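Here is a short tour for anyone meeting this structure for the first time. Take a look, then read on.

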Amino acid sequence: MKKFNWKRRMALLLCLSVMSGGLAGCGGKKQESVLDKVTKEGVVHVGTANNNPPMNYLDEDGNWTGFDVDLADAIAEALGVKIERVVVNNKTRISFLANGTVDMVVSNLSHTRSRDEQIDFAEPAYLWTGKIAYAKKGMFNELTDLAGKRIAVDQGSNAYIAIQQAIEEANGEAPEIQTFQSNAECFLALKQGKVDAFTQDSVIIAGVAGKEGVDYEPISGIYSPGLYSIGVPLDDSKWRDKVSFVLQDLMKNGKYDEIYDKWFGPDGMYPLEPSAKPVLSKDAFGENELYVWPD
Amino acid sequence: MNYEFDWQAILSGQYLEWILQGLQCSISLMILSSLIAVAIGVFVTFGNLSTNPLIHFISSVYIELCRNIPTLIWLLFFYYVFPELFPEKIEIALNSSTMLNYWAAIAGLSISSSGYISEIIRGGIMAVPREQIAAAYSLGHSKAHIWKYIIWPQAIRNCFPPLVTRIIHNVKNTSLALSLSVHEIMWATQQIESITFRGLEVTILATIFYLTINFVLSHLASLAEKHVLATKN
């Protein structure tokens, strides 16, 4: 009996050591740029989520759609390669970039300092939005009213940190954050009274709440900027520049405006304030000057 | 694969605290839901073995519901739907309770497992040869006597290995409580991933935890089987 157990234990140990050896033994070699890989293979792997309307979601027929999806298509077209979409969620999008599963992430990704330590971002941000807190009409007036209250956050969103910081800075009691697996679940929890407020980027809240949004209102304004940017792997300047240039070209040649108007323009599906577009103030370089680098 | 492991990032300060809390919460989920599942399971088995057709029918329907609906749906049912079934006052009280998600997870896990456990116990009882019971009756033993000395000892021995398998399954299923924002180990690791982005490290951590718990559990079970439940003849 003893011998049998010993064998089993050895086998397990062997399994574990093979696993960890396989994982650990592959650092250190010089990486080729993602740009070379993408051009060679003719395919770019783009990570996009599918549950953050109107940025990315599945329509009634189950087709992947949204602003992020259209933008990713345009970028792949401009790069002259085929697009291979990889589904990510708000938790996995950074890890997938870090471990090389995807070449870029176009998925309602706000540029934050903590993320910048793990990945890089193409410039400029392609949509200017921000975090708002959202609650039943007439419940709260100011953000500080949320002190000590229950707040729903989609797990993986930087709203988790941002809302606590915002309330803390106003010297409020720390709120109780409940994390859900999607923004739709956050909104459902808000409707059922499981939480007092729901916080996320204003554009996504509008998309998730849809017609049911009439009973709810934002509590004060945006408390943390959400500068949606394209995520690229860390320390690959060649690829990052290429993506930035392609994005800026799209902004200059009108393709970006076309997609923007389709979704967020005055006649679009989810009209947004004009300030959502990454446009410099008219005092800077003239009217409607896009936020791109000159040649 | 080009990936540099950074264990320090996920095992410091607040994150370590989350992990320890997560371990505690996971273990309490595992123990409570398994105990409740076994209790309900035994209860339903008697219903299923009942000669009363109505009780037999109700227990069979219950078992089928438990076994044929995914555990995750049970969890979501108890969290999102169950409170809505009550009058408004109770509904609001349930929905504003901060423990709703924890108890919804316990309820979902227990009910999902109880159907299987009931079938396992029934199998154990049915496997006791009918001739032994007939012989006991003919020797003048009472019904209670027969259950205590003939059916149960053999039934427990029969159903012990599949019961342990099912409990190990239930232990793994506790990770589903993540979807209800229960702060168990999976939630802790996912939350740490979403802040530090060290996805591989935290997943390995959670894997080691489940592996250890289930390894210990199955070892204890096989020890119990050999030394406590072994036939002494």
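## Where the chains meet

Two residues count as in contact if their C-beta atoms, placed from the backbone, lie within 7 Å. By that rule, chain A brings 24 residues to the contact and chain B brings 20 residues. This is a predicted model, where local features need pLDDT of at least 70 and side-chain atom pairs count only at pLDDT 80 or more, while totals for chains, interfaces and linings use all residues. Residues are numbered from 1 along each chain as its sequence is written, with chains lettered from A and ligands numbered from 1 in the order in which they are written.

Helices (H or I, at least four residues) and strands (E, at least two) are DSSP runs, numbered from the N terminus, and two strands pair if DSSP finds at least two bridges between them. In chain A, three strands make an open sheet in the order 2-3-4, with antiparallel pairing. Its edges are strand 2 (51–52) and strand 4 (64–65) of chain A, each pairing on one side only.

Strand 3 (residues 56–58) of chain A runs antiparallel to strand 4 of chain A, and two bridges join them. Across from A:W64 in strand 4 of chain A you'll find A:L58.

## What the record says

An unreviewed UniProt entry annotates residues 43–267 of chain A as "domain: Solute-binding protein family 3/N-terminal". UniProt positions follow the numbering used here, feature names are shortened, and annotations may be inferred rather than shown by experiment. Over residues 43–267 of chain A, the chain is 35% helix and 29% strand, and the end C-alpha atoms sit 34 Å apart.
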